[in-house]
Amino acid sequence: MAMIEPTADTWGYPHSDPSIPKVEVIPTSEGDPYNVTFCLTDEDHTLGNSLRYIIMKNPAVNFCGYSIPHPSEFKVHIRIQTNGTVTAKEALDKGLDDLIAVAEHISSVFSAKVSQKDYEIRDGAQIE
């Protein structure tokens, strides 16, 4: 297996063909909108686990799990099962929105603390 060397523009990820959608629904025989598996391309455990955690916070979600189909593929499969009050797609959309809100909050708090110089430099670390 060939390793992908990180570059400034790819960070080690191969960029998929733009014609391939970022999110796909993996078809099942049931066609149930409340139990769906989604495939996210060019993603890994970083998004998979964070998104799973946020989606499970939704009280309408009974189950959410993720898997990486193969270590050499940059894909995440996310399975969402809801209680029927919202569809799995709505739960995924809410989870993505909530995850963006959390990331924006972390970024703003971090930036505020850095601009206030409200931190301690330990063990002789050099920060300019």
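Which residue forms a salt bridge with Lys94, and how far apart are the closest N and O atoms? The partner is Asp98, with the closest N and O atoms 2.8 Å apart. A salt bridge here is a side-chain nitrogen of Lys or Arg within 4 Å of a carboxyl oxygen of Asp or Glu.

## Ground rules

This is a predicted model, where local features need pLDDT of at least 70 and side-chain atom pairs count only at pLDDT 80 or more, while totals for chains, interfaces and linings use all residues. Residues are numbered from 1 along each chain as its sequence is written, and side-chain values use heavy atoms, with hydrogens and water left out.

## Overall layout

The chain has 2 helices and 4 strands, and reading along the sequence gives β-β-α-β-β-α. Both kinds of element are DSSP runs numbered from the N terminus: helices are H or I with at least four residues, strands are E with at least two.

Of the 128 residues, 23% count as buried. The cut-offs are under 20% relative accessible area for buried, over 50% for exposed, and partly exposed in between, using a 1.4 Å probe and protein chains only.

The 4 strands make an open, antiparallel sheet in the order S1-S2-S4-S3. At its edges are S1 (23-26) and S3 (61-67), each pairing on one side only. From one strand to the next, the twist averages 25°. Pairing requires at least two bridges found by DSSP between two strands; S1 and S2 (residues 35-41) have 4. Val25 stands opposite Phe38 in S2.

Helix H1 (residues 45-56) lies across S2, S3 and S4 (75-82), at about 175° to S3. Helix H2 (residues 88-115) lies across S1, S2, S3 and S4, at about 120° to S4. Those angles run from 0 to 180 degrees between N-to-C directions, with axes as lines fitted to C-alpha atoms, for helices over the stretch in contact.

Gly48 is in helix H1 and counts as buried because its relative accessibility is 0%. Beyond neighbours within four places in sequence, Gly48 touches Tyr66 and Val76. Its C-alpha atom is 7.7 Å from that of Ser67, 19 residues apart along the chain.

Asp42, in the loop between S2 and H1, has a phi near 60°, a positive value in a residue other than glycine. Most residues other than glycine have a negative phi.

## Salt bridges

The count comes to 3. Glu43 pairs with Lys22 at 2.7 Å between the closest N and O atoms. That pair links distant parts of the chain, with Glu43 in the loop between S2 and H1 and Lys22 in the segment before S1, 21 residues apart.

Asp93 and Lys89 meet at 2.9 Å, N to O; both lie in helix H2, 4 residues apart, about one turn. Back to the opening pair: Lys94 and Asp98 are also both in H2, 4 residues apart. Lys94 is partly exposed at 40% relative accessible area, as is Asp98 at 29%.

Conventions: Contact = heavy atoms within 4.5 Å.
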